[in-house]
Amino acid sequence: MNSKSNWKKVFMTVIAMGLVAGSLASCGDEAQPVGIDTSNPTISVMTQANQTSSAGPDSPVVQEMERYLGEAMSKKYDKQYDKVTLDLQWTASTAYDEKVTAAMGANEYPHVMLVTTRNSSVIQNSKAGTFWDLTDIFTKTDPKYVSEENPEGYVYPKLAQADETINRNTTVDGRIYGIYRSRELGRQGITFRQDWLDNLGMEVPKTVDDLEEVLRAFTEDDPDGNGVDDTYGMIVTVYLDGPLNNLAVWMGSPNEWGYDEATQTWKPWFMSEGFFEAMTKMREWYAAGYINSNMATLDSNSWDNDFLNGYGGVQIDVADRARRNATNILKNNPNAVVDVIGYVTKDENTEPRVWPTTGYSGYYVMPHPSVQTEEELDFILSVLDECNGEYIVDLCNYGIEGRNYTIDENGKAVKNTDAALTAEYNDLNQFSMGIAPTTLTTAYANKAAEKVEQVYEENREYAVTNPMAPYTSDTYSISGTQLDAIIAEAKTNYIVGAIDEQGWKDAIEQWLKMDGDLVIEDYTKAYNDDTSNQDENGNVIVPDEYKYDFIDMGEG
């Protein structure tokens, strides 16, 4: 174990140094990009596009953003700016990560670059100082900015509203290198057929046992009342993460990593007792027929089919699936009623626990080669701060009031559906960070859509933190794909009954032997070395909330 560990860590160090050296070498060979002309500023932004065409420099919406930013910067710096030009460099989302890698390889950067994947190159460039460290930027204060609206005197008052948990989730070894694109933190939920529950005289489930009874009744008690045995409980696809990970956290699993006091190491959640209990529960449901028999082969793109066609009654995934399906199901059954809840508890005596998202979808970095001075960084951050203000967030998501949308008598935004007008703000929502969310809303498409918003709000309160989110593993960055495949296959095989408990333990042993043990070492060391996890005497502190029970790896 020790010789393997030492050899492997030397290998990782060589690889990591090679990545960094390649980046730094190009810094010496390439002419550095010109910084920002703060007298006539243009800020280049590389970001991703989901539409076939994105808002360009001729868009009235983009031009209004630039005018507004010029006005805001004039006020902040007491200097006249007619506008701040946004050079939005759009790249299709399917090719975006490759373009980021190419930019890092060539050492040619825009002023602001979206990073969507924390791969080994991004991590090593972050550690090497390629990107500005923004750790202390978000809460930076200055007395000259104190006002009634900004009593704390934040230099970047909109960015100061950033969620601490989400910021933490973006970090590399505890350091913040970017401004995140906000996404819903409490997005998970259980979508179900409320009309089936009503037909059977059942209540909305509150515990795992309640949920099991619903799945049984949806399978055995003819919930649609057609006299035919043609329904079942829960739809599951080859993508197990939605149903299984939610169930695991409800039943007491950590979120990705938990602390084992017996070994004084951090272990992945699939080694915990709570995770194994959740798998065993799904195995029982599958054997009983409460889960579709083609679970192991059903493509995720077909997840909604049986729900919309009236065969399956429950889906555990993102809560907004309920909003979509509540509308789409009416084409087949105008009397169908879809509802959604955020979670169930392990039992009536257990507090709610929710598996959260990371709360972000990529983050914007400012590379040192293109943003060379603190003055330039300050100007860019001031612009991005304003981009998180209500006015520009609304522009990015809705366009210009009176042109791209109007406000109805209920105060709801009504978008103009003319293709030419919607094209004026195409993909600007991908540029938007949304730290301060838009206050505009459209009318709810259905009751389920309104319920989804309630689920989001409640889920946030019970989110279970992933303690390893700020840290990275060099081993995992190289071997992660192979390691994940071992566990993914074993999870499915255990649930469908192809392997037993010992087979599951054998898969974990294989994971450990294939360098999973080094991943555990990496994360344990990263946590222990973080001084924020130490007391004044340098002793490592692990909060009780991160301590879990793990399965006995002896003979099953």
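Guide: Let us begin with a term: pLDDT is the predictor's confidence in each residue, on a scale from 0 to 100. It matters here since this is a predicted model, and the mean pLDDT of the protein is 92, with 94% of the residues reaching 70 or more.

Visitor: And where is the pLDDT below 50?

Guide: Over residues 1-33 the pLDDT is below 50, although this stretch still has 41 contacts in the model beyond near neighbours in sequence. Where pLDDT is low, the predicted coordinates should not be read in detail.

Visitor: OK. How many helices and strands does the protein have?

Guide: The protein has 18 helices and 13 strands. Its radius of gyration is 26 Å, close to the 24 Å that the globule rule gives for 556 residues, so the protein is as compact as a globular protein of that length. Taken along the principal axes, the C-alpha atoms fill a box of roughly 75 × 70 × 40 Å.

Visitor: What share of the residues is buried?

Guide: Buried residues make up 51% of the 556 residues. As for the surface, the protein exposes about 25,100 Å², and carbon and sulfur atoms supply 46% of that area.

Visitor: What about charges, how many positive and negative side chains are there?

Guide: There are 42 positive and 91 negative side chains, and the centres of the two sets lie 2 Å apart.

Visitor: Switching topic, which residues does tryptophan 250 touch?

Guide: Tryptophan 250 has its place in helix α8, which covers residues 241-250. Not counting residues up to four places away in sequence, tryptophan 250 touches Ile190, Leu211, Ile316, Gly342, Tyr343, Val344, Lys346 and Arg353. The C-alpha atoms of tryptophan 250 and threonine 350 are separated by 9.1 Å, while the two residues are 100 residues apart along the chain.

Visitor: And why does tryptophan 250 count as buried?

Guide: Its relative accessible area is 1%, and tryptophan 250 is called buried because the cut-off for that word is under 20%.

Visitor: Now threonine 345, where is that one?

Guide: Threonine 345 sits in the loop between β10 and β11, the latter being residues 360-365. With a relative accessible area of 8%, threonine 345 is buried, and, leaving out residues up to four places away in sequence, it touches Lys206, Thr207, Val208, Thr350, Glu351 and Pro352.

Visitor: Which parts of the chain do the buried residues of α11 pack against?

Guide: Helix α11 runs over residues 320-328, and in it Asp320, Arg321, Ala322, Asn325 and Ala326 are buried. The buried residues of α11 pack against β5 (188-193), α10 (305-308), β9 (312-318), β10 (338-341) and α16 (447-461).

Visitor: Which residues is aspartate 304 in contact with?

Guide: Setting aside neighbours within four places in sequence, aspartate 304 is in contact with Gln315, Arg321 and Asn325; of these contacts, Arg321 and Asn325 are among the buried residues of α11. Aspartate 304 itself is found in the loop between α9 (273-288) and α10, and at 18% relative accessibility it counts as buried.

Visitor: How far is isoleucine 36 from serine 370?

Guide: Isoleucine 36 and serine 370 are 8.3 Å apart in space, C-alpha to C-alpha, and 334 residues apart in sequence. Isoleucine 36 is found in the loop between α1 (2-29) and β1 (42-49), where it is buried, with a relative accessible area of 8%. Not counting residues up to four places away in sequence, the residues that isoleucine 36 touches include His111, Glu376 and Ile380.

Visitor: Last topic, backbone angles: what is phi of glutamate 256?

Guide: Phi of glutamate 256 is near 75 degrees, a positive value in a residue other than glycine. Glutamate 256 is found in the loop between α8 and β7 (257-260), and it is partly exposed, with a relative accessible area of 34%. Aspartate 515 also has a positive phi, near 90 degrees, but its place is in helix α18, residues 501-529.

Visitor: Is aspartate 515 buried or exposed?

Guide: Aspartate 515 is buried, with a relative accessible area of 10%.

Definitions and conventions
Residues are numbered from 1 along each chain as its sequence is written. This is a predicted model: local features need pLDDT of at least 70, side-chain atom pairs count only at pLDDT 80 or more; totals for chains, interfaces and linings use all residues. Side-chain values use heavy atoms; hydrogens and water are left out. Buried means under 20% relative accessible area, exposed over 50%, partly exposed in between (1.4 Å probe, protein chains only). Helices (H or I, at least four residues) and strands (E, at least two) are DSSP runs, numbered from the N terminus. Contact means heavy atoms within 4.5 Å. The radius of gyration is taken over C-alpha atoms; the globule rule is 2.2 Å times the number of residues to the power 0.38. Accessible areas come from the Shrake-Rupley method with a 1.4 Å probe; for residues, only the protein chains shown count as cover. Lys and Arg count as positive and Asp and Glu as negative; His and the chain ends are not counted. The place of a charge is taken as NZ of Lys, CZ of Arg, CG of Asp or CD of Glu.
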